[in-house]
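Have the structure open while you read.

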Amino acid sequence: MNLKKIALPISCIILIIISHILFYNPAELIDIVSGQKAQGFSIVWHNIRYLIEPLYAFVYYVLTLNKDFYKPALIAWTCWLVIGIFIYCAVKKIDFSKWIVKTLYAVLALVTLFAFCALVPIPGPKLIKPQNYISFDIHSHSRFSHDNSSTEKFNQIFHAWAGYDAYFISEHNNTSSFEHFPKNAQLKTVFPAIQIKSRERGLSLVLLSAQPFDGSQYVDLTVKDIIKKAHDNDMLAIMPHWWKWNAYSFQDLKNMGIDGFEIYNCGYRNFDAAQRQKLIDFAKNNNLPTFGSTDWHGWGYMTDVWTVIESKTTENLKEQLAKTSQTKVILYRQEQSGSIIRFIIEPISAYYYYIRDADNKMLASFILWFIILFAFFKTKLSKIFIKYLPLFFSIIFVAAAGYFLYIYIPARQTNTMLFPSLFFGCLGLALLWYGLWKLRNRCG
Ligand SMILES: [Zn+2]
């Protein structure tokens, strides 16, 4: 074998191993309420991870980005891709029209990859806990919320995969999904709730109930009135992602009767650490429970937070929460930099965050895939693969558009994301891939 040909992949593998030795420093499970290591708790990964490690790594990277990181990250990836292809074409002296097609192909592939991360169910890390604990999620959504992309069934699957024993379904401003959950799950593993928007500054509350209820009675009230009404109806009123609005002080909310606070939310991760500590201290001093929520909206299937309490059963979860302030909020996450330099070198940053956490087994799979892909792209088969991939994606996106329309119909009263956004988004991507397929055939 020509040594020159394998010099590059071997150098890459050596680099991967060296960077693993230098940077491996995996995240620990921390109870952010106490600030201590979560003794007795651990994370397991679903076996599928080891079969698709590079893809898995990318999905995890995308889904654990802060919400406000998506734009700069996507811009950075696109720039790197376009510049990379430009340099490649310049070195190989490939002509302009083919350069354009390659660039279009790569950018569409990147967008497709991000769409894949958001929409395809790939299970994330699962919490393993001591027997005397239950884990739960007080805040998640299904297609009956306006901005959700997924069904009640997948909501259940997501929570089961991640190791939650029970959860509240808290749609935006309505309670119509609860009856769509299987009867054997209702009030056993799935409990009724609502995320209700108040009259004030867009601020909303999460109300937790022991019994099914009609959410329409809470529409268009002040924060104070929502809390009062919730208490009259024997419900708990929790403040979700307070840092999104910063509208009332903790004490104001306490005076209005708030029953607890979220201190972490997978949808809104950017809560300043010092502010969070203030909230935790306030809650502790006032015997109020604190929670970490997924705020799951169907976009991706990974979480990094679990609220747990000491209990042997999920029955009467709302009553159990009414009696305790002793929650643990277990976080599996390392802080990420939000600096401009991080985004300028985003693909390297992403690699660094990956290598920092990946253990030997994951890395072995990663390297194996690297070798397989390197060998594959040297074969003629890869040319056929690249040729037909646009057509394949085009068909997949048409099917996805059909699926989103199908799951939209029962939730059409409240959902505005499945149709038109996701339906037309998928059709648009199908059209773009089909156009690229035609263009490539013409340009050769
Ligand atoms: Zn929410």
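How are α4 and α5 oriented relative to each other? They are roughly antiparallel (an angle over 145 degrees). This is a predicted model, where local features need pLDDT of at least 70, side-chain atom pairs count only at pLDDT 80 or more, and totals for chains, interfaces and linings use all residues. Residue numbers start from 1 along each chain as its sequence is written.

**α4 with α5**
- Helix α4 (residues 70-91) packs on helix α5 (residues 96-119) at about 150°, and their axes are 10 Å apart.
- Those axes are lines fitted to C-alpha atoms over the stretch in contact, with angles from 0 to 180 degrees between N-to-C directions.
- Helices here are DSSP runs (H or I, at least four residues), numbered from the N terminus.
- On the α4 side, L74, W77, T78, L81, V82, I85 and C89 meet W99, K102, T103, A106, V107, L110 and F114 of α5 (contact means C-beta atoms, placed from the backbone, within 7 Å).
- By class, that contact of α4 with α5 has 11 nonpolar, 2 polar and 1 charged residues.

**α1 with α12**
- Helix α1 (residues 3-23) meets helix α12 (residues 346-357) at an angle of about 65°, with axes 8 Å apart.
- That makes α1 roughly perpendicular to α12 (65 to 115 degrees).
- The crossing of α1 and α12 is right-handed.
- From α1, S19, H20 and F23 touch Y352, I355 and R356 in α12.

Key: Helices (H or I, at least four residues) and strands (E, at least two) are DSSP runs, numbered from the N terminus. Angles under 35 degrees count as roughly parallel, over 145 as roughly antiparallel, 65 to 115 as roughly perpendicular and the rest as oblique. A crossing is left-handed if the near helix is turned anticlockwise from the far one by less than a right angle, and right-handed if clockwise. Two residues are in contact if their C-beta atoms, placed from the backbone, lie within 7 Å. Ala, Val, Leu, Ile, Met, Phe, Trp, Tyr, Cys and Pro count as nonpolar, Asp, Glu, Lys and Arg as charged, and the others, Gly among them, as polar.
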